[in-house]
Amino acid sequence: MKTSHAIRQALALLLVTAAALTQAQAQALSADEQQLVAHVRRHTPDALRLLERSVLINSGTLNPAGVREVGALFGAEFEALGFKTRWVDMPADMKRAGHLVAERVGEHGQRVLLIGHLDTVFEKDSTVPPWQSDGSKVRGQGVSDMKGGDVIVLLALRALNDIGALQGRTVRAVFTGDEERVGSPAEVARAALVAAARQSDVALAFEGAAQDEQGQPTGTVGRRASGSWHLQVTARTGHSAGVFGRDGFGALYEAARILNAFQEQLREPELTFNAATIVGGTSAAWDDGQSQGTAFGKSNVIPRDAIVRGDLRYLTAEQGARARERMQAIVEQSLPGTRARISFHESYPPMAPTPGNMRLLARYSQASDDAGLGTVAAFPPGQRGAGDVQFVAPFVDSLDGLGAGGGGAHTPDEYLDIASIQRSAIRAALLIYRLTR
Ligand SMILES: [Zn+2]
C-alpha cells in the first residue's frame, strides 16, 4: 500500500515537472520561434530524402562533374527559398569543380555566413556503397561529412523562409567543392569563401557535430592550424675517419641534432610538430609531388645532404609564430662543417578559440536549451582536424560542428544518426533567427 502510494506521488510529481518544462520551453521560445521548430519537425522527412538524392551522386573531390551536379541539386533548393545562386569556377589547371554561392541581402540584423561542402573523400572508384539506411542510421559516402550538414542548412533556412523571417536579412551560403583536398594555390581556391566572410558578421559551419566524453553535444570554437616544414641540411663531406674533426659532423648528425632539439625544447599544449620523412647521404633528393625521396651514400663517407619533412599544428597565430621562431633558432646553431635551412608553409590558418567564438557558442547553447535540446559545450580545439571555417575565422566570429551527428568520417564505416538532422536544424534555425533580428 505504502509503496504504491509513493509511486503515485512520484508519478504525479513527474507529470507536474514535465508540464512545467513544456511551459518553460514555450516561454523560452517566442511565437515565431515555436513556429520555426514546428516547421523543421514537419519537413525533416524531406531533408532526409534530399540527403539520399545528394549522396547517390558521387562527388569525390576529383570528380568535378559529380561535385557540380550536387551543387546544382542544392542550388535549386536555395533558389526556391529566395536566394540568388551562382557557381564559382576554378581555373582549369587546378582540377577542381568550383563552389556554390547563395545569397539573400537585406538591411537588418547580423550578416550570417553558412559554410558547407559538396565534395567527399570517396572518389568514383570507391567500393563504399553510397547509401544504406536501417531507419535510425544511414551509412555511406559523405553522409555526415558533410552532405548531412548541407541538408541541415537547407532545412533550417526553409523553416526561416516559410515564416517570413528571412525578409530583409543578409544570409550567405558557400558550399565549397574541394574541402577534402583544397585546390592549389589555396588563396585562389578560397577567394570566394573569404570574400563572403568579409561581407559577414558571423560564420556558422556545418561539419559533423561531435559529442564530448560525457556524451554532451558540442560546438567547435577552435581548430588548429596545419602547415608543413622542410629542413635542408648541407655539410662538408670527406673520409669517415675524419668525422667530428677537420671534416665536421656531416649532414645526418646535424639533422638528428635539430630534430632532437625540437622535441626537447618546443613541446607545449596544443602544439605538435611531426617529423615525417628523412632522406640523407652523400646525395639525397625529395619529390614533393610523389611524396617520395631517394638517397645515395657509403658508410665510409661523411654525408653531404639531409632532407627532412614534417608538419606543424598550432591553435593561435602567436603560438605558430613563436614555434617557427624557436625552430629557426635551433636550426641556426649548426654543428661544425654543416649548414641548415628551414622553410614553412601554412595550409590552414588557425581558428583560435576567441571570446567572440565563445559568445557565439553561448548563443547556440542558449537556443538549444530553450528548445529543450540541452546545453552545448565547447569541443576541445586540439582534437579536431582542419576545416574550411579556418579560412574565415581570421575575419569573423565563427562556430563549427553544427552539422549532423555521426562518425567514421573518411572511412568505409562513415554513418549519420538520422535523429540528429532535426535536432541540429532546430538549433541552427533558432540561432540564425536570433542573430538576424
Ligand atoms: Zn568535411
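Guide: Domain bounds here come from an automatic or database domain assignment, and they divide the protein chain into domain 1 (22–223 + 351–435) and domain 2 (225–348). Taken over C-alpha atoms, the centres of domain 1 and domain 2 are separated by 40 Å. This is a predicted model, in which local features need pLDDT of at least 70 and side-chain atom pairs count only at pLDDT 80 or more, while totals for chains, interfaces and linings use all residues. Residues are numbered from 1 along each chain as its sequence is written.

Visitor: Why is F296 called partly exposed?

Guide: A residue is buried if 20 or more other C-beta atoms, placed from the backbone, lie within 10 Å of its own, exposed if 12 or fewer, and partly exposed in between. F296 has 13 C-beta neighbours inside 10 Å, and therefore counts as partly exposed.

Visitor: What makes G281 a contact of F296?

Guide: Two residues are in contact if their C-beta atoms, placed from the backbone, lie within 7 Å. Not counting residues up to four places away in sequence, F296 touches G281, T282 and S283.
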